[in-house]
Amino acid sequence: MKGIALGAALVALATLPLWVSGTFYVNIASQILFYAVFALGVNVLAGYAGLVSLGHAGLFGIAAYTGGKVLGAGYGHLTVAAAAIAVTLCASAVFAVLALRGTGLGFVMITVALGQIVWGVAYRWIGLTNGDNGVTISGRPAPFGLSLASPRAFYWATLLVFLLAVASMAVFVASPFGASVRGTRDQPRRMNALGYNVWMIRFLAFLLSGLWSGMAGLLFLYYNQFVSPQAVALTASAEALLMVISGGTATLLGPIAGAALVVVMKNVASAYIERWNFVLGAIFVVIVVFMPEGLVPGTVRLARWAGTAWRPPAGGSRGAPRLRRGAAERMGGVGGHVGAPHNNIEP
């Protein structure tokens, strides 16, 4: 059943530009995909490692700015991609060395400070980043002679990167390394006592998170053909974290669903609802109150509950009365009496 659902989802994603009318919604789908890649990267730390980061927009923007500057210097797109990922990994290593000096609230505050440093450089170092005017690139790449200039072509390229990200996350979750990362989240002292290097495990998890954040930043650059300090602002980091939390931390589908929710509200619902920020905030409150584990796990839980509630008892009809556990034990348990009081019958 899961294989059929997965196949249907892949077919729907691959053929989406063919049955979606207009380029606007194709572009929205592209945004959902690369923001989902970003959210998956944040989820490595926030979900599996238990380290909440509010500075990942800095890594996202470093990749975008690096790609824009290298491309503006006249280098090819392959060099641009390699340089952007390499610089982002180096920045991730610096972020990790500094941020992993603390845990919990300390880790959050250090990542906020690091993200704000990147924003300050992007905003104030005009000679490097062009300040508020940002960095503009001339066009999109054409790998193997296939131009990505059209919305459809760029969507399919983004889909390929998205599928690679999901596959890598699935391998990560199922791997011994993924298990050790979850171990450092749940029992760091016990992991240390067992001989695991907790700091190094978290450091490598930070690098993996930075890698996919950088890939998302590069896709963002090619999508907009422009990057400005707004891409590295604190609000961008907060949005990525909200994508993860609202969809469901430590899940594969949760960050994707959260990214879809935020992007649709920002780009589609905002055209019809003037106070779309209020609506988005209300949605987050409802998710936290009624689905504290996140949208995807909460939906699965509600579906299981609904299936159990409407399932008829064995050997009887749906409307037949059901015995509570206490009554059943008294009727059929060892040493129990046959029969039960009337108030133990549940309609």
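Predicted model: local features only at pLDDT ≥ 70, side-chain atom pairs only at ≥ 80, totals over all residues.
# Reading helices, core and side-chain pairs

Reader: What should the 20 residues of helix α6 span?

Author: The expected span is 1.5 Å times one less than the number of residues. For α6, residues 105–124, that gives 28 Å, and the end C-alpha atoms are 28 Å apart, so the two agree. Helix α11 can be read likewise: its 27 residues should span 39 Å, and its end C-alpha atoms are 39 Å apart, which agrees.

Reader: Which residues of α6 are buried, and which are exposed?

Author: The general idea is that an α-helix has 3.6 residues a turn, so residues three or four places apart point the same way. In α6 the buried residues are F107, V108, T111, V112, L114, G115, V118 and A122. Seen down the helix axis, these buried residues of α6 fall within an arc of 165°, so they line one face; the arc is that of the directions from the helix axis to the C-beta atoms. On the other side of α6, L105, I117 and R124 are exposed. The cover over the buried residues of α6 includes α3 (23–49), α4 (56–72), α5 (77–99), α7 (126–129), α11 (198–224) and α12 (234–247).

Reader: Where α11 is concerned, how many of its 27 residues are buried?

Author: Helix α11 is mostly covered, with 20 of its 27 residues buried. The residue that follows α11 is Q225, whose phi is positive, near 55°.

Reader: Which residues have the most contacts inside the largest nonpolar core?

Author: In soluble globular proteins, nonpolar side chains tend to be buried together. A nonpolar core is here a set of buried Ala, Val, Leu, Ile, Met, Phe, Trp, Tyr and Cys residues joined through side-chain atoms within 4.5 Å. The largest such core has 85 residues, and Y35, F206 and V227 have the most contacts inside it. Helix α3 supplies the largest share of this core, 18 residues. Leaving aside residues up to four places away in sequence, Y35 touches F60, F220, M243, A259 and V263.

Reader: How many aromatic pairs are there?

Author: The count comes to 13 aromatic pairs, under a rule that pairs rings of Phe, Tyr and Trp (its six-membered ring) if their centres lie within 6.5 Å, with planes under 30 degrees apart counted as stacked, over 60 as edge-to-face and the rest as tilted. One of them is the tilted pair of F34 and Y35, at 5.0 Å centre to centre and 40° between the planes, and both of these residues are buried. Another tilted pair joins F154 and Y223, at 6.0 Å centre to centre and 40° between the planes. This second pair links distant parts of the chain, since F154 lies in helix α8 (residues 151–174) and Y223 in helix α11, 69 residues apart. F154, at 3% relative accessibility, counts as buried, and Y223 is buried with a relative accessible area of 14%. Ring pairs also link F34, Y35, F38, F60, F154, F220 and Y223 into a cluster.

Reader: How many salt bridges does the count come to?

Author: Side chains of opposite charge can pair when their charged atoms come close. The count comes to 3 salt bridges, each being a side-chain nitrogen of Lys or Arg within 4 Å of a carboxyl oxygen of Asp or Glu. E239 forms one with K266, the closest N and O atoms being 3.2 Å apart. E239 lies in helix α12 and K266 in helix α13 (residues 253–267), so this pair ties together parts that are 27 residues apart in sequence. E239, at 26% relative accessibility, counts as partly exposed. R185 and D186 form a salt bridge at 2.9 Å between the closest N and O atoms, and the side chains of R301 and E293 meet in another at 2.6 Å, N to O.

Key
Residues numbered from 1 in each chain as written. Heavy atoms only, no water. Helix = DSSP H or I, 4+ residues; strand = E, 2+ residues; numbered from the N terminus. Buried < 20%, exposed > 50% of the residue type's maximum accessible area, 1.4 Å probe, protein only. Contact = heavy atoms within 4.5 Å.
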